[in-house]
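Visitor: Could you take a close look at one part of this model for me, the place where the two chains touch? I'm new to this, so please spell out the terms as you go.

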2 protein chains.
Amino acid sequence: MERHIDQELKELNNEILKMGAYAEESIFKSVEALKNRDKELAKSVIDNDVNADRLELIIDEKCVDLIARYQPMAKDLRFITTGMKINAELERIADIAVDIAQRTLEIVDKPLLKPLVDIPKLAAIAQNIVKMSIDSFIKGDIELAKKVLASDSEADTLRNLIQKELIEDYMVKDGSTAPRAVQLLLIARFLERICDHATNIAEDVIYMVQAEVVKHHPEKL
Amino acid sequence: MERHIDQELKELNNEILKMGAYAEESIFKSVEALKNRDKELAKSVIDNDVNADRLELIIDEKCVDLIARYQPMAKDLRFITTGMKINAELERIADIAVDIAQRTLEIVDKPLLKPLVDIPKLAAIAQNIVKMSIDSFIKGDIELAKKVLASDSEADTLRNLIQKELIEDYMVKDGSTAPRAVQLLLIARFLERICDHATNIAEDVIYMVQAEVVKHHPEKL
């Protein structure tokens with residue numbers, strides 16, 4: 001029999017999915033703006049960030065409200081509190097897309113520094129990792145969450161390579177590239193931070209699922 | 001009459017204070033390590049980060065446990081859920097101190113780039129703003145939380161000045177400074193991000209207190 005809270009938890013699920021879709025889209029748009037030197041797109045990412053802020057508040061309120069009205073125990077409670085954390089991570093991801101858009105506006109009028117080194121590749125990893133992390137939460141899928149953790153170290157490595165290339169092959173050889181190279185270096189770091197937030201989500205999911213397993217299987221303690 | 005939950009909320013308060021003190025100390029140590037070119041101190045910040053991770057988990061568990069056992073309403077519930085968020089912010093602050101320590105290890109053996117531009121000044125703002133944000137939570141003090149928001153824009157401005165100086169006066173003029181200047185630029189950004197986390201804490205506090213006020217004073221809606 002479906003409990004009344006189940007319907008509300010589904011709605012919460014949907015809201016978090018919406019927030020996740022918004023975060024993914026913002027990353028995509030900010031990187032497209034960078035690749036295509038598209039000022040208007042970069043500006044739209046910045047202007048639309050209020051939507052993410054608003055959605056974060058709505059989800060947060062819904063979580064507190066669900067706890068207050070249903071006084072849920074164990075699994076439901078942990079799902080809701082994990083949802084609150086994931087909500088905050090997603091809002092940060094959307095914020096970082098704004099950072100990327102702002103850096104993009106800084107360099108959009110200046111000559112391109114080679115085809116953006118490996119930033120588009122790192123951006124693709126970031127988008128994928130965010131998607132996986134949200135899926136792992138929605139499905140409570142620990143294996144998928146573990147894949148997120150593995151992808152994060154790939155992103156780390158790529159970020160370091162990009163950084164090394166920008167410093168050694170550009171800034172050191174020709175100091176006049178520094179203002180542009182620094183912006184790209186920051187964008188690479190932003191993308192890697194997005195992956196870190198996805199990792200936080202995945203860790204929260206593992207904790208949510210495993211704490212539950214342990215709770216119901218005291219023999220595992 | 002003191003309720004039983006009050007004692008537990010006090011304990012939660014104390015744990016969050018402990019986490020806050022830990023975060024403040026880590027910032028302090030990481031910046032001291034940078035200023036004094038102290039490798040051992042930088043390493044100790046990195047090695048001790050497991051303590052922050054452990055404390056974060058303990059606080060998180062305590063919050064979920066308090067909700068499950070007391071099924072608190074209104075003010076207490078909001079205090080606990082805000083506590084969970086602040087806990088996560090403080091853990092991130094401790095993580096950023098680790099980032100600073102790691103960047104410090106990268107440059108500690110290289111010649112100093114002028115006396116660290118205004119990084120020590122920005123570090124002092126960061127430490128102070130974190131302290132204020134924790135106090136605002138513990139006291140539920142909205143005015144103090146608003147001061148945090150004001151200080152954050154000061155940190156923002158200073159970070160931009162440091163960044164500009166490092167790019168224009170160092171990297172552009174002498175590309176060979178780039179490897180060191182980039183590390184300092186990142187450290188300045190880390191310090192500013194610490195201020196952002198403190199701002200998140202302050203915003204959570206304002207929301208916690210004001211949502212409460214509105215709830216009990218529907219005429220204010």
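Guide: The contact takes 22 residues from chain A and 22 residues from chain B, where two residues are in contact if their C-beta atoms, placed from the backbone, lie within 7 Å. Keep in mind that this is a predicted model: local features need pLDDT of at least 70, side-chain atom pairs count only at pLDDT 80 or more, and totals for chains, interfaces and linings use all residues. Residues are numbered from 1 along each chain as its sequence is written, while chains are lettered from A and ligands numbered from 1 in the order in which they are written.

On the side of chain A that touches chain B, α3 (49–70), α4 (74–107), α6 (142–171) and α7 each supply at least two residues.

Now step back to chain A itself. Chain A has seven helices and zero strands, and its C-alpha trace spans about 65 × 40 × 20 Å along its principal axes. Of its 221 residues, 46% are buried; a residue is buried if 20 or more other C-beta atoms lie within 10 Å of its own, exposed if 12 or fewer, and partly exposed in between, with C-beta atoms placed from the backbone. Take the contacts in chain A between residues at least 6 apart in sequence: 81% of these join residues at least 24 apart.

How far can you trust the picture? The predictor's confidence in each residue is pLDDT, from 0 to 100. Chain A has a mean pLDDT of 89, with 94% of its residues reaching 70 or more. Among the elements of chain A, helix α7 (residues 178–216) has the lowest mean pLDDT (87), and helix α2 (residues 39–47) the highest (96). Where pLDDT is low, the predicted coordinates should not be read in detail. For the model, the scores are ipTM 0.84 and pTM 0.88.

Note on methods: Helices (H or I, at least four residues) and strands (E, at least two) are DSSP runs, numbered from the N terminus.
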